[in-house]
2 protein chains.
Amino acid sequence: MTPVTLADVAREAGCSAKTVSNVVLGRPGASAETRVRVLDAVSRLGYIGDPAGRQLASGRTGRVAIVVPRLYQPYFAETAERLVLEIEGRGMTSTLVVAHDLETELRAVTAARDVDGVILCPHAVTDEMLDVTPPNRPTVQLGAYASRHFDRVVMGEYEGFRRLAGHLLAQGRRRIALIWSGEEGSEPRGPRFDGYRDALADAGIRHDPELVAFGSDWDRRASGFEAMTALLATGRRFDAALCVNDAMAIGAMRVLRTRGVRVPDDVAVTGFDDTVEGAFLVPALTSASPRGDEMVAAAVRMLVERIEGYDGPLREVQTGADLVVRASA
Amino acid sequence: MTPVTLADVAREAGCSAKTVSNVVLGRPGASAETRVRVLDAVSRLGYIGDPAGRQLASGRTGRVAIVVPRLYQPYFAETAERLVLEIEGRGMTSTLVVAHDLETELRAVTAARDVDGVILCPHAVTDEMLDVTPPNRPTVQLGAYASRHFDRVVMGEYEGFRRLAGHLLAQGRRRIALIWSGEEGSEPRGPRFDGYRDALADAGIRHDPELVAFGSDWDRRASGFEAMTALLATGRRFDAALCVNDAMAIGAMRVLRTRGVRVPDDVAVTGFDDTVEGAFLVPALTSASPRGDEMVAAAVRMLVERIEGYDGPLREVQTGADLVVRASA
DNA sequence: CTGAAAGCGCTTACAG
DNA sequence: CTGAAAGCGCTTACAG
């Protein structure tokens, strides 16, 4: 019950290892007749091949690393699942790296082993760090900041937030609070903020810095909880809460609900990501969908191109965002 | 910028490849002096080693497959994350298989390639199928049915449900509905049901089969939604809903809340899994925690033992469950 | 269309 | 404590 090798198959089929290899890899170079004999032998012997041998000889691992900061948040779980399936659909395998800390994240990108390429959902890594030690494999970035080191899929953050804010304004909401991520007292910025600000401008309204509350980690429900708790403590009035994503919206909504604030009657709440979890909240969360399938397909496509030798300039794919109106706004 | 090999390091350090290998693997067989020279050369050259070569020569991949039916449900996302980290903590890597269908699940266990072992969260595979084609790698099962093919970690399902039901009964709840998973009209069974039934027996109450509602997939919020909708449609009265897990509880609670049924005043609701998502519901979901860390540690430990040659009889580790009382019951 | 040989980067007995 | 050689299972030029 020792594993079946290429040589075993070759012997059984009465041809050389090279021919078996060609057939198994679906390459030309084997008569129809030989091909049948080989495939017969393969299934008779139960040959499944040894990736290590293939890898050593070809220099290809057929494996892609998926790097996420964590998995227990809906956005990453859903994204990782999509990536795993998309990669499998391409006949490759994946290895999941949960990069809880900066060191792990950096190592996954700059000292990748055992993979042909990397798909990174960045969390803590910056361009400055990568200037010192650049990526050692083709790498594609999914979401987040614009890096000068990676091909990149840009999520429809601007578009999504412009639509969400527009939706709130169309309802007559005028005092829109931001449940944001960042340092207390900092200025919100980035495409999500820009989308919001431009929607406000369209309506002739100015952004009120007093209505911004920050959570320490954009990716935790508890951050939304903290931020909303702090905002309520200021006593400032607002009729909507535009939250940086579903996770923070879920925490924020929990505060409102437990304080007896009616959603959406008193305060409308929106998220971003269109998670299943948000759809099951009461009231169901209005959100924007970043079109995960599109993002993932674009990321994998660009990575495969790089792996296969494309060596042109950095590329950026911009994906869209759809408004998903539910009950909370 | 071609990758640095063992031979490069050996040349740089002035010794043989074998010696470098020994040092890198932390094996005896190198004087302190040589060791320093080698480690110096390693860091000077930036040697990181090639897993393919190591794998081919040693027969070990240093990689474990984690097989889950899906990732976008909290239980699996949280479990997969714990497994990835535990495996990394053992100096191994992991590959995540999302087995959406039976064929993929079966293949992951019976035709595993490129891994030393498998940790399986079973979904559709049965012992009968495995009798035909047995696992081709050491495999440990996490949760679910008792298999005659795997070492197994048994979740504290019985204990958890006995406690949850006991908690409901202690509040004076007498008409406890089951939001269960399975075929419409079937009989609930398994350790979760047994725990519930025994708690009922302690209180001198009989299980009422009329108060069971089924969802098609135990692992979807939508199943809980369906089941509770169907149960309400029967018009039967109940003062508690013991749900098979958090996912179904979330769906069930959504129905109650949108229908104006007060939770927990009219109906108490409980889940199982102690997910973060449940903790952020309004009202926060009372649940039972299966001690994920304990389960994961036991599973990985048993798998590593098998990989390292343990060949004794099948083992079973039973883990406990803690009651987590929140607002919903 | 097919074969024989070399070689990918490592580890592992076997010597010394 | 260290070295030289063989070999893990494949693919890849090179021949024919």
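**Protein–protein and protein–DNA interfaces in the predicted model**

Across the interface of chain A and chain B, two salt bridges are found (a side-chain nitrogen of Lys or Arg within 4 Å of a carboxyl oxygen of Asp or Glu). One of these joins A:Asp114 to B:Arg63, with the closest N and O atoms 2.3 Å apart. The model is a predicted one, in which local features need pLDDT of at least 70, side-chain atom pairs count only at pLDDT 80 or more, and totals for chains, interfaces and linings use all residues. Residues are numbered from 1 along each chain as its sequence is written, chains are lettered from A and ligands numbered from 1 in the order in which they are written, and side-chain values use heavy atoms, with hydrogens and water left out.

The same interface holds 14 residue pairs in polar contact, both residues being at pLDDT 80 or more; a polar contact is a pair of N or O atoms within 3.5 Å, where within protein one atom must be able to donate a hydrogen and the other to accept it, and residues adjacent in sequence count only if both atoms are side-chain atoms. On the side of chain A that touches chain B, two or more residues each are given by α4, α5 (74-89), β2 (93-98), α10 (221-234), α11 (246-258) and α12 (276-279) of chain A, helices (H or I, at least four residues) and strands (E, at least two) being DSSP runs numbered from the N terminus. The most comes from α5(A), with seven residues. This side of chain A comprises 24 nonpolar (Ala, Val, Leu, Ile, Met, Phe, Trp, Tyr, Cys and Pro), nine polar (the others, Gly among them) and 13 charged residues (Asp, Glu, Lys and Arg).

In total, 46 residues of chain A are in contact (heavy atoms within 4.5 Å) with 46 residues of chain B. The buried area, that is, the accessible area (1.4 Å probe) lost on putting the two parts together and summed over both, is about 3,900 Å². Carbon and sulfur atoms give 62% of this area.

DNA strand C has 24 residues around it, of which A:Ala30, A:Ser31, A:Thr34, B:Leu6 and B:Ser21 come nearest; a residue is near the strand if one of its heavy atoms lies within 4 Å of it. Both protein chains supply at least two residues to this surface from each of α2 (17-24) and α4 (51-58), and α4(B) provides the largest share, five residues. The surface divides into nine nonpolar, ten polar and five charged residues.

A backbone N or O atom of A:Ser31 lies 2.6 Å from a phosphate oxygen. Bases are approached by a polar backbone atom of A:Ala57, 3.1 Å from a base oxygen, and by a backbone N or O atom of B:Gly53, 3.1 Å from a base nitrogen.
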